[in-house]
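Open the model in your viewer and keep the selection panel handy.

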Amino acid sequence: MAGQGRADPRPLSPHVQIWKWHWTMAGSIFHRITGVGLYGGAFLIGAWLIALATGPEAYTFVEMIAFSLPGQILLFLWSMAVLYHLANGLRHLIWDGPMVGFAPGVASLWSMFNFAFAIIGAAVIWSLASFY
Amino acid sequence: MSTSAKSVRGLGSAGTGTQHHIRQRVTALALLFLVPWFIYSIIHACKAGYEGALTWAAQPINAILLILTVSAALYHMRLGMQVVIEDYIAKSGTKQALLILNTFAVVALATATILSVLKIWFTAGA
């Protein structure tokens with residue numbers, strides 16, 4: 001009916017609770033989770049840029065938070081989320097463009113690769129950043 | 001067989017799905033290049049302290065790429081969050097409110113960050 005928010009509360013067949021976890025579904029779910037996380041992260045990274053334009057006091061404050069332990073953990077998670085969303089996003093573009101990678105075996109391996117890329121990539125970036 | 005009841009209830013297609021889909025992918029394509037640059041740059045800038053970061057942001061190429069990154073990333077995440085809201089929020093009023101809030105939040109952040117880049121640019125006296 002018009003003006004009514006929800007459709008009929010009809011019974012749902014079981015789906016979520018009998019669904020087996022596998023790499024491709026995890027890959028898809030994490031694309032969305034990291035996307036939502038990066039949405040929040042953009043505001044924090046934005047705060048850094050705004051502080052830089054505001055002045056030294058504001059910048060020192062943001063720097064203090066960023067270099068604190070919770071700040072560093074958050075930034076590490078942010079870097080992992082960026083790398084995962086980037087790698088899996090490229091996969092979406094390859095799905096949409098050349099349309100390859102749909103075969104079950106390839107799809108699972110690709111999901112695993114994207115997770116590995118995010119974790120190892122973040123570790124490599126952070127160790128390189130601490131050396132230079 | 002389709003009836004006109006669907007249109008009366010206002011539950012038909014909005015007709016903007018294709019545009020949304022294409023824009024999500026075009027911004028993704030831009031971000032594929034901008035994000036690696038951004039990660040590399042922000043690490044350098046952060047390690048350089050206040051003065052160093054300011055000098056970095058005031059360089060023309062960095063200011064240009066910063067504005068492009070902000071624009072593409074924020075447009076992309078507005079589209080993405082729109083889909084998340086549409087998927088999970090069934091109540092019409094709440095959904096509409098969150099969709100508007102999504103746009104407001106992203107536009108506010110875009111304005112503030114782009115103005116910040118411009119302020120750094122003009123203050124540097126280029």
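Start by selecting chain B and colouring it by secondary structure: along the sequence, the pattern reads α-α-α-α-α. That makes five helices and zero strands. Bear in mind as you look around that this is a predicted model.

Now zoom out to see the overall form of chain B. Its radius of gyration is 20 Å, well over the 14 Å that the globule rule gives for 126 residues, so chain B is more spread out than a compact globule. Buried residues account for 21% of the 126 residues in chain B. If you draw the contacts within chain B between residues at least 6 apart in sequence, 65% of them join residues at least 24 apart.

Next, bring chain A into view and select the contact between the two chains. Here 30 residues of chain B meet 25 residues of chain A. On the chain B side, at least two residues each come from α2 (17–47), α3 (49–58), α4 (60–88) and α5 (92–123). Highlight α5(B), which supplies the largest share of that side with eight residues. Colour the chain B side by class and you will find 20 nonpolar, six polar and four charged residues.

From here, step into the largest nonpolar core, a set of 40 residues in which Ala42(A), Leu52(A), Leu83(A) and Met77(B) touch the most other members. Both chains take part: two or more residues come from each of α1 (23–54), α3 and α4 of chain A, and from each of α2, α3, α4 and α5 of chain B. Select α1(A) to see the biggest contribution to this core, ten residues.

Which residues does Met77(B) touch, leaving aside those up to four places away in sequence? Centre on Met77(B) and you will find Leu38(A), Tyr39(A) and Ala42(A) from chain A, together with Val106(B) from chain B.

For the last stop, move to chain A and find the loop between α3 (69–96) and α4 (104–131), where Met99(A) sits. Is Met99(A) buried or exposed? Met99(A) counts as exposed because it has 8 C-beta neighbours inside 10 Å, and the cut-off for exposed is 12 or fewer. Check the backbone of Met99(A) too: phi is near 55°, a positive value in a residue other than glycine.

How values were computed. Residues are numbered from 1 along each chain as its sequence is written. Chains are lettered from A and ligands numbered from 1 in the order in which they are written. This is a predicted model: local features need pLDDT of at least 70, side-chain atom pairs count only at pLDDT 80 or more; totals for chains, interfaces and linings use all residues. Helices (H or I, at least four residues) and strands (E, at least two) are DSSP runs, numbered from the N terminus. The radius of gyration is taken over C-alpha atoms; the globule rule is 2.2 Å times the number of residues to the power 0.38. A residue is buried if 20 or more other C-beta atoms lie within 10 Å of its own, exposed if 12 or fewer, and partly exposed in between; C-beta atoms are placed from the backbone. Two residues are in contact if their C-beta atoms, placed from the backbone, lie within 7 Å. Ala, Val, Leu, Ile, Met, Phe, Trp, Tyr, Cys and Pro count as nonpolar, Asp, Glu, Lys and Arg as charged, and the others, Gly among them, as polar. A nonpolar core is a set of buried Ala, Val, Leu, Ile, Met, Phe, Trp, Tyr and Cys residues joined through C-beta atoms within 7 Å.
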